[in-house]
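Have the viewer open while you read.

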Amino acid sequence: MKKTTLALALAAWVSLPALAQQPAQQVEVLHWWTSGGEAAALKVLKSNLEKDGIGWKDSPIAGGGGEQAMTALRARVSAGIPPTAVQMLGFDIQDWAKDGRLANLNDLAAKEGWDAVVPAPLQRFSKHAGQWVAVPVNIHSTNWVWANKEVLAKAGVTAEPKTWDEFIAAAESVQKAGFIALAHGGQPWQEATIFDGVVLATGGVDFYRKAFIELDPAALASPTMEKVFHRMSQLRKLVDKDFSGRDWNVASGMVISGKAGFQIMGDWAKGEFLNAKKVPGKDFACFRLPGTQGMVSFNSDQFAMFLVKGADKVAAQQKLAAAIMDKGFQSAFNVVKGSVPARTDVSDKDFDDCGKKGIKDLAEAARKNTLVGSIAHGHAVPASLKNAFYDVITRHFNGQIDDKKAVAAMVAAARQ
Ligand code: GAL
C-alpha cells in the first residue's frame, strides 16, 4: 500500500511539471494593430480567446496600412513557419489563397451560417474558389474627416463644410487662426487614403469605378483626373512642414490635442480619439469628406487562416475563426476600433454617433450601389497595381510631378 502511494506520489511529482509546461491551445496572430486605439480593439479578441482557454501569441508588425506586415509574412511563409492567422486586406487574401497557403473553413462556415450574414462585397474576398479562407472582423471606410471642435470654433468655423470649396475655405480659416489645418503623415498609404475620398468627391462613384476598378484609359486620362490632382495640390498647402514620414496615429494625435483642425483618414482614427477619452459630437466631429456623402469607399480587415499542421493547432484556429464571427464580439470590437461590424445582423445600439452614422451610410451605399472598394487599402486593385498608384500619388504630393504629369503617370501605371 505504502509502496503504491509512494509510486503515485512520485509519478505525480514527475508528471506535474510536465503537465504545467504542456502548451495550451494557442494561436499566433500576425497583425499591424500597434497604435493605442488598435491595440485596445485587439485586446477584446485576445481576452475573449483567453477566456476560452486559447493562448495568444502576438506578432505585431508596426506600419499602418500593413505593407511591412506583408513583407514580414512573406519571410515567415518562405521559412515554412506561417502564423495561425494574419490580418489581411482584400486582394492580398486572394493572392495567398491562389498560392494554396490558406485553410478551408467551409465546414465551420456552413455550421455557423456565415453565407447568410457576411455582406457579399466582403465574401468576394473571404472566399476563394468557393472556399472560405478568411474571416472578416470589420468594415472600415476611408472617406472620413475628423475634426477638433474647439479648434474649429476658435477659427470661426461654425458649420460643417458641405462642399469641397467650403472644406478648403474652412481649412484655410483654421490655418489663418494659427493652427495646422490638415494633420497628415507623409507616407504613401496615407496619401492614397486621402486620394480615395478625393476621387469620389471629384468624379463620383461612376468615375471611381471606371478609372480605378475598370482601369479605363479614357477615365484615367480625363480632365476629371486632372481635377483630382489639382485638389490633392490644394490639400498639400494645408499640411505642416514636418509632415514627411509621420505615422497616422501621430497625425490623429495632433487633432486630438488641438494642434490641428482636421485629418482625412479612415475610421480607425476614431479609435485614437476614443482611446484618448474624447467624445464624438462634443470634442470631435466626424463627417464624410465633403462631396462624398452617400458614397463609401470601404476596406475590411480579415484574418486569413493559414494551413497549419496538427489537430491542436487546427482546433485552435477554428476557435479563433468562430470567436471573430461571434455577434457579441463583432459589436464590442468595432465599437472600440471605429469600424462597422462585418455581419449584417449586429445591432447599432452600442455604437456612438459616428459609429451609427458609419453603419447607416454603409447600408445606404450598399442599397444605392455607391459602395466601392478602397484603392489605398487593397480593395480596388491587386497589390502590384496599388503600389504603382501609391508611387504616383506620393510623387505628386511631394511636388516631384505636377498635376498634368501625374495624370500621365497614372495612365502609364495602370497599363503595367
Ligand atoms: C488599415 C486597416 C485598419 C487600420 C489602418 C491603420 O489598412 O484596415 O484596420 O488599422 O490600416 O493601421
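Seven of the nine residues of helix α4 (residues 90–98) are buried, so the rest of the structure largely encloses this helix. The buried ones are Gly90, Phe91, Asp92, Ile93, Gln94, Trp96 and Ala97. Buried here means under 20% relative accessible area, exposed means over 50%, and partly exposed is in between (1.4 Å probe, protein chains only). Helices (H or I, at least four residues) and strands (E, at least two) are DSSP runs, numbered from the N terminus. After α4 comes Gly100, with a positive phi near 75°.

A quick word on the ground rules: this is a predicted model, where local features need pLDDT of at least 70 and side-chain atom pairs count only at pLDDT 80 or more, while totals for chains, interfaces and linings use all residues. Residues are numbered from 1 along each chain as its sequence is written, and side-chain values use heavy atoms, with hydrogens and water left out.

Domain 1 puts 29 residues into the contact and domain 2 puts in 32 residues, where contact means heavy atoms within 4.5 Å.

**Strands and sheet**

Strand β10 (residues 260–264) is another enclosed element: five of its five residues are buried, so the rest of the structure largely wraps it. Two strands count as paired if DSSP finds at least two bridges between them.

| Strand pair | Sense | Bridges | Facing residues |
|---|---|---|---|
| β8 (residues 144–148) and β10 | antiparallel | three | Ala147 and Phe262 |
| β9 (residues 180–182) and β10 | parallel | two | Leu182 and Phe262 |
| β7 and β12 (residues 296–299) | antiparallel | two | Ser141 and Phe298 |

So what is the order of the open sheet of three strands? Reading across, it goes β7-β12-β14, with mixed pairing. The edges are β7 (140–141) and β14 (371–373), each with a single partner strand, so one side of each has no neighbour in the sheet. Helix α10 packs on this sheet and touches β12 and β14, its direction making about 105° with that of β14. Axes are lines fitted to C-alpha atoms, for helices over the stretch in contact, and angles run from 0 to 180 degrees between N-to-C directions.

**Nonpolar cores**

A nonpolar core is a set of buried Ala, Val, Leu, Ile, Met, Phe, Trp, Tyr and Cys residues joined through side-chain atoms within 4.5 Å. The largest one has 79 residues, and the members touching the most others are Phe195, Phe212, Met225, Leu235, Phe262 and Phe389. Which helix gives the most to this core? That is α10 (residues 188–212), with 13 residues. Leaving out residues up to four places away in sequence, Phe212 touches Phe195, Val199, Phe207, Leu220, Met225, Ile375, Ala380, Val381, Phe389 and Met410. As background, nonpolar side chains in soluble globular proteins tend to be buried together.

**The disulfide**

There is one disulfide in the structure, meaning a pair of cysteine sulfur atoms within 2.5 Å. Cys286 and Cys354 are the partners, at an S to S distance of 2.2 Å. With -110° about the S-S bond, the link is left-handed. Cys286 lies in strand β11 (residues 284–288) and Cys354 in helix α17 (residues 353–368), so the pair ties together parts that are 68 residues apart in sequence. Both ends are buried: Cys286 has 14% relative accessibility, and Cys354 has 5%.

Most residues other than glycine have a negative phi. Two residues here go the other way. Ala129 has a phi of about 45° and sits in the loop between β4 (127–128) and β5 (131–132). Is Ala129 buried or exposed? With a relative accessible area of 72%, Ala129 is exposed. Leu215 has a positive phi near 55°, and its place is the loop between α10 and α11 (217–220). At 23% relative accessible area, Leu215 counts as partly exposed.
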